[in-house]
Amino acid sequence: MKKTLVRMGIATALVAIAAIIAAAQGSGRLDGEIRDASGNPYPDVSVTIKNPETGFTSTSKTDKSGKFIVLGLRSGLYNVVVTNERDHLNFQDQVKVQEGEENNYKLNLKDVMAKQAAAHPDEEKKKEEDQAKYENLKTHFMAGVAAMNDAKTVKTQLQATPADQTLKDKLTADYTTAATEFKAAEQSAGAKDVANHALSWANLGAAQEGLNQYPEAADSFQHAIDLKPAANYYVAEATDLAKAGKYDDAPGACEKAIALDATVATMCYKNLGIVLSNAGKMKEAIVPLQKATQADPKDDQGWFLLGNALAATIDTKQEGEKMIYIIPPGTLDAYQKCIDAKPTGPYAAQAKAAMDGLSQLDQGVDTTVGKRKKKGTGN
């Protein structure tokens with residue numbers, strides 16, 4: 001009998017809880033519809049309604065027609081929060097619900113934006129101006145990109161026919177167009193549009209490189225750096241400074257690039273070594289090439305270029321009838337490490353030939369000319 005009483009008590013308690021829950025919920029229904037800034041149905045929007053008095057909260061999502069339904073509402077004033085993370089939407093509103101009546105909630109963001117624009121005409125005008133600037137920037141930027149892509153195609157064609165003057169003129173025209181368009185894009189960038197502003201300067205620098213305008217290119221990359229420092233911008237600036245003859249300034253740009261991204265060390269210093277080597281400054285090329293190979297001991301090209309730079313600084317002295325060649329320390333080692341890095345690579349054979357030639361020089365060269373033979377030794 002006791003067990004029956006206990007069970008009956010539990011059943012009674014459960015019924016009471018259910019009654020409380022039923023009382024907390026109401027019979028009201030809310031039919032809602034959300035439309036986007038263009039006035040079209042807005043799907044996948046989260047709609048949260050909350051009764052600040054009871055604490056009742058319900059969240060639902062709009063369907064493909066932009067509609068949603070909330071059931072179990074009691075009469076009262078509800079706060080409405082409409083969000084969409086993708087579009088950065090966060091709109092707050094209120095709606096009144098009455099049980100036993102038809103309750104509708106409609107939100108057209110197009111109308112909301114129109115009211116806001118009417119209430120704040122100066123802000124709306126500023127937005128329109130900023131949008132126009134962005135569209136202008138985008139038009140010029142994409143035109144610049146198209147010209148650079150065309151220049152890339154022409155450069156490939158010139159590799160097959162390097163003497164083709166028509167292609168050379170076309171290449172110059174492409175780079176000129178690109179420089180003009182990127183400059184226009186830069187001028188269209190808004191003060192707050194840092195990323196696109198920096199990107200326009202950097203692309204202008206690349207176009208100026210194509211025109212061999214290296215001082216101007218270095219300056220453009222510096223403008224990009226001032227807006228948004230990036231390792232690749234510093235690498236380009238370092239290379240352009242070297243090509244402009246500002247050899248003392250270029251290593252500093254490499255150091256700043258490496259501070260942002262250590263992986264660019266080999267590329268940056270090797271670029272400087274190549275520029276200096278091409279300019280006939282072999283002695284000056286040694287230090288950046290040493291830094292490049294220290295950063296990446298597996299870079300066969302870096303070791304080969306270092307070997308060449310060291311070999312170009314070989315000194316001589318006359319000792320009696322022999323010319324002695326003073327080979328800088330590390331020369332043979334650089335060529336050997338080039339071979340070790342890639343035994344079948346594109347520089348291995350050249351490095352081996354260079355080592356063979358240096359081995360012959362290491363013995364010295366007899367400089368005796370026209371020495372008369374002693375009598376009785378033959379003709």
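The following dialogue goes through some terms used for this predicted model and sets values against definitions.

Mentor: This is a predicted model, in which local features need pLDDT of at least 70, side-chain atom pairs count only at pLDDT 80 or more, and totals for chains, interfaces and linings use all residues. Residues are numbered from 1 along each chain as its sequence is written, and side-chain values use heavy atoms, with hydrogens and water left out.

Trainee: Why is Ser-220 called buried?

Mentor: Buried means under 20% relative accessible area (exposed is over 50%, partly exposed in between, with a 1.4 Å probe and protein chains only). Ser-220 has a relative accessible area of 2%, so Ser-220 is buried.

Trainee: Where does Ser-220 lie, and which residues is Ser-220 in contact with?

Mentor: Ser-220 belongs to helix 6, residues 214-227. Helices are DSSP runs of H or I with at least four residues, strands are runs of E with at least two, and both are numbered from the N terminus. Neighbours within four places in sequence aside, Ser-220 is in contact with Trp-201, Leu-204, Gly-205 and Gln-208. Contact means heavy atoms within 4.5 Å.

Trainee: What makes helix 6 roughly antiparallel to helix 7?

Mentor: Their axes cross at roughly 155 degrees and come within 8 Å; helix 7 covers residues 231-243. That angle makes helix 6 roughly antiparallel to helix 7. The cut-offs are under 35 degrees for roughly parallel, over 145 for roughly antiparallel, 65 to 115 for roughly perpendicular, and oblique for the rest. Axes are lines fitted to C-alpha atoms, for helices over the stretch in contact, and angles run from 0 to 180 degrees between N-to-C directions.

Trainee: Which residues of helix 6 and helix 7 meet?

Mentor: From helix 6 they include Tyr-214, Phe-221 and Ile-225, and from helix 7 they include Tyr-233, Glu-237 and Leu-241. The residues of this contact of helix 6 with helix 7 divide into 10 nonpolar, one polar and three charged. Ala, Val, Leu, Ile, Met, Phe, Trp, Tyr, Cys and Pro count as nonpolar, Asp, Glu, Lys and Arg as charged, and the others, Gly among them, as polar.

Trainee: How are helix 7 and helix 8 oriented to each other?

Mentor: They pack at an angle of about 170 degrees with their axes 8 Å apart, helix 8 being residues 250-260. Helix 7 and helix 8 are therefore roughly antiparallel. Among the residues making the contact are Tyr-234 and Leu-241 of helix 7, and Cys-254 and Leu-260 of helix 8. The residues of that contact comprise 11 nonpolar, no polar and two charged.

Trainee: What makes strand 3 and strand 6 edge strands?

Mentor: Four strands form an open sheet in the order 3-2-5-6, with antiparallel pairing. Strand 3 and strand 6 (89-97) each have a single partner strand, so one side of each is left without a neighbour in the sheet. From one strand to the next, the twist averages 20 degrees.

Methods: Two strands pair if DSSP finds at least two bridges between them.
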